[in-house]
Amino acid sequence: MRKCLLVTCLCVLLLGLRNFWLTGFSFDSNQPMHVTILMWHRPFSVPNDLSGDACGDHHSTLFCTIVEQRSLFPTADVVVFHNYELVTGREKLPLDLPRPPGQRWAWLSLESPVHNGDLRRFAGIFNLTINYRRDADITTPYGERLVNEAEGEDPVQDITQNKSFLACWVVSNYRSSYRRSQVYKELSTIVPVKVYGRWTKTLLTAEALLPTISRCYFYLAFENSEAKEYITEKLWKNAYLSGAVPVVLGAPVQDYEALAPPHSFIHVDQFASVKELAEYLLQVAGDKKRYSEYFRWKRKWKVKVSNNWKERLCKLCSHYEHLPPNKVHTDLAAWVHGTGTM
Ligand SMILES: *[C@@H]1O[C@H](CO)[C@@H](O)[C@H](O)[C@H]1NC(C)=O
Ligand SMILES: *[C@@H]1O[C@H](CO)[C@@H](O)[C@H](O)[C@H]1NC(C)=O
């Protein structure tokens, strides 16, 4: 009798253990996958710390840690290299270290192709590109349009209320060879253009930037380069957040159409000449109804500005599971300059 009881007890105990093992086991497989992203050096030596469990709770199946200690190289899942420091020789790729199998190397740059230096030396080295372009492995644009959930919001009564300048331009790096300088020069002979920035020694503080631009009907969101999808904070932040209508020059018109809110900008290439552009600006500024049409997009759209390195690295985290299992950028230069097929 006692023996029987003992056997039953033992059986119950074993069953319990088995169940514990099973549930314990399945609990384990639901544990988030852990991904370590090693930032080899800080982009432009930004002072802020990039490391930590930066990516929050919203990626339930993945747990990402961003680290900056190079000693963690052997166990990192992704190593991110910001291009500027590599091409200027401030930093080097750790080509002497044995590269752990499965580890991915990511090339990160938000500069336009002409400012990326000679990339031919990086052929066959990187597995991923992190860039503003939509065809990058991880797309990290300077800004994006999002559907405005709070639909129906009426724009301000009179957007032109505080406007005292027709067109404004903020420029620190003036080079007469840039196309934007040529357009500015010609435009300013026809209509008044108020210029701020280092070039004219009228620097604006970060706090003064948007309120100053908001006093202009139009803001010249001219990029320094004309390159595919290269649309920077000049559009997303300076123009859209200030409430001046952007006059854009840079990427082709169809890129702006694909990426920016509809009827929210005026592209220089939409006009046969700078003179025609100038005439158009005068007409629109003189017609409140036509001018306000450039703000109608706000009913359906809103704009998100992205200027945070940590956030960009977190995008890598949220896309980690969907990365191609095996990929090598055999000709990075061709991809960047749009001459390749990759
Ligand atoms: C104009 O400026 C005043 C005072 O700063 C402000 O209250 C008002 O909202 C501004 N109007 C517009 C349309 O921005
Ligand atoms: C990453 O690229 C290297 C070539 O530099 C290649 O040997 C390796 O298989 C690639 N790894 C992945 C995970 O794509």
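How many helices and strands does the chain have? There are ten helices and 13 strands, where helices (H or I, at least four residues) and strands (E, at least two) are DSSP runs numbered from the N terminus.

This is a predicted model, in which local features need pLDDT of at least 70 and side-chain atom pairs count only at pLDDT 80 or more, while totals for chains, interfaces and linings use all residues. Residues are numbered from 1 along each chain as its sequence is written, chains are lettered from A and ligands numbered from 1 in the order in which they are written, and side-chain values use heavy atoms, with hydrogens and water left out.

The predictor's confidence in each residue is its pLDDT, from 0 to 100. The chain has a mean pLDDT of 88, with 85% of its residues at 70 or more. Residues 19-28 have a pLDDT below 50, and this stretch makes two contacts in the model beyond near neighbours in sequence; contact means heavy atoms within 4.5 Å.

Let's look inside. Of the 342 residues, 45% count as buried (under 20% relative accessible area; exposed is over 50% and partly exposed in between, with a 1.4 Å probe and protein chains only). A nonpolar core is a set of buried Ala, Val, Leu, Ile, Met, Phe, Trp, Tyr and Cys residues joined through side-chain atoms within 4.5 Å. The largest such core has 50 residues, and Ile-37, Val-80, Leu-235, Trp-236, Tyr-240 and Leu-316 touch the most other members. Helix α9 (residues 309-318) gives the most to this core, with five residues. At least three residues come from each of domain 1 (32-140 + 308-336) and domain 2 (145-305), bounds taken from an automatic or database domain assignment. A second, separate core of 32 residues includes Val-183, Val-191, Tyr-217 and Tyr-294.

Next comes a charged residue. Lys-234 lies in helix α5 (residues 233-239). Lys-234 is buried yet has no salt bridge, and the nearest side chain of opposite charge, Glu-223, is 4.3 Å away. A salt bridge would need a side-chain nitrogen of Lys or Arg within 4 Å of a carboxyl oxygen of Asp or Glu; Lys and Arg count as positive, Asp and Glu as negative, and His and the chain ends are not counted.

Most residues other than glycine have a negative phi.
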